[in-house]
Every structure is written in structure tokens, then in C-alpha cells.
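Dear colleague,

Please find below the structure that I am handing over to you. My findings follow directly after it.

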Amino acid sequence: MKYLVMVQGTQADYEAMRGKASADSPAWNEQELQAMFAYMGAINDDLSETGEFVDGQGLAEPAQTRHVTLGDDGKAVITDGPYSETKELLAGYWVLECESLERVTEIADRISRCPQPAGAPDYPVVIRPIMDGSGDI
């Protein structure tokens with residue numbers, strides 16, 4: 001079964017990783033940033049070795065997001081981010097092929113333990129089964 005495993009973040013989190021603290025997130029130093037990248041890289045390497053890794057990427061900061069909606073006149077309404085009405089957004093994801101929900105939950109638990117500075121916000125790691133082409137999970 002395939003699963004989408006997602007991590008969340010805010011614009012303030014991305015800025016904190018660039019060394020700019022806010023009320024919501026302390027500034028990261030270079031050592032903390034490299035520890036996070038090494039930790040996530042090790043997860044990706046391990047999942048590649050087990051054959052469970054299908055795809056995974058970190059996403060650009062929310063400020064680079066664009067929403068396209070349909071206006072009342074039927075024309076596209078384009079809004080560039082960041083969005084003050086949205087707190088957490090998708091920050092990165094993995095597509096994994098695992099034998100069971102229990103296995104992907106173990107992986108999500110490992111992801112949730114990624115090192116970060118003291119006081120940095122904790123977000124849930126979200127698991128969603130990917131439906132196959134027939135509409136079944």
C-alpha cells in the first residue's frame with residue numbers, strides 16, 4: 001500500500017531556519033540546520049534501502065506559494081503567498097510503499113523525532129493512504 005507522509009511548517013519556520021527568530025520559532029544556527037538535513041537524509045537513505053521510498057521532497061517556503069481559484073465571473077483568481085489566514089502549510093512529503101499502516105506509523109514516529117532547536121514548534125506528521133486507480137485504498 002502507498003502512503004503520503006506529510007510534515008508541516010509556517011513562513012516563520014522557514015525564516016527561523018535562515019536565522020531569523022520570531023515569537024513562534026527560535027532562530028536555527030548552522031549546526032542545527034545541518035543536523036536536521038543529516039537526520040532527514042538518513043531517513044531517506046534507509047527507506048531507499050528497504051525499497052519503501054517512492055518519492056520525497058521538501059517544499060519551498062509559503063511565501064512562494066500561489067493559489068488559483070475560480071472567481072464569480074468564471075475567471076481564474078490568482079493570489080501569491082504567504083497567506084495570513086493560513087497558519088501551517090505542507091513543508092515536505094514522502095510517498096512510501098509500506099506493508100502496513102503500522103509500518104508507516106513507525107516511520108512517521110521517526111520523522112517526528114527530527115532534531116530542532118529548543119522551543120521550536122512541534123507539528124504532527126500526517127499519514128494519508130493513497131487511493132489506487134480503482135477508487136480503493
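The chain contains three helices and six strands. Their order along the sequence is β-α-α-β-β-β-β-α-β. Please bear in mind that this is a predicted model.

As to its dimensions, the C-alpha atoms occupy a box of roughly 45 × 45 × 20 Å along the principal axes. The chain has 137 residues, of which 28% are buried. Its exposed surface comes to about 8600 Å², and 51% of this area is supplied by carbon and sulfur atoms.

The contacts show how parts of the sequence are brought together.

Turning to charge, the chain carries 10 positive and 24 negative charges.

Finally, I looked at the cysteines. A disulfide is a covalent bond between the sulfur atoms of two cysteines. How many disulfides does a search of the whole structure find? The search returns zero. For Cys98, the closest cysteine sulfur belongs to Cys114 and is 18 Å away, which is too far for a bond. A disulfide would require the two sulfur atoms to be within 2.5 Å. Seen from Cys114, the closest cysteine sulfur is likewise that of Cys98, at 18 Å. Cys98 is buried, with a relative accessible area of 2%. Cys114 also counts as buried, at 15% relative accessibility, because the cut-off for buried is under 20%.

Yours sincerely,
A colleague

Technical notes
Residues numbered from 1 in each chain as written. Predicted model: local features only at pLDDT ≥ 70, side-chain atom pairs only at ≥ 80, totals over all residues. Heavy atoms only, no water. Helix = DSSP H or I, 4+ residues; strand = E, 2+ residues; numbered from the N terminus. Buried < 20%, exposed > 50% of the residue type's maximum accessible area, 1.4 Å probe, protein only. Areas by Shrake-Rupley, 256 points an atom, 1.4 Å probe, with all protein chains shown as cover. Lys, Arg positive; Asp, Glu negative; His and termini not counted. Charge placed at Lys NZ, Arg CZ, Asp CG, Glu CD.
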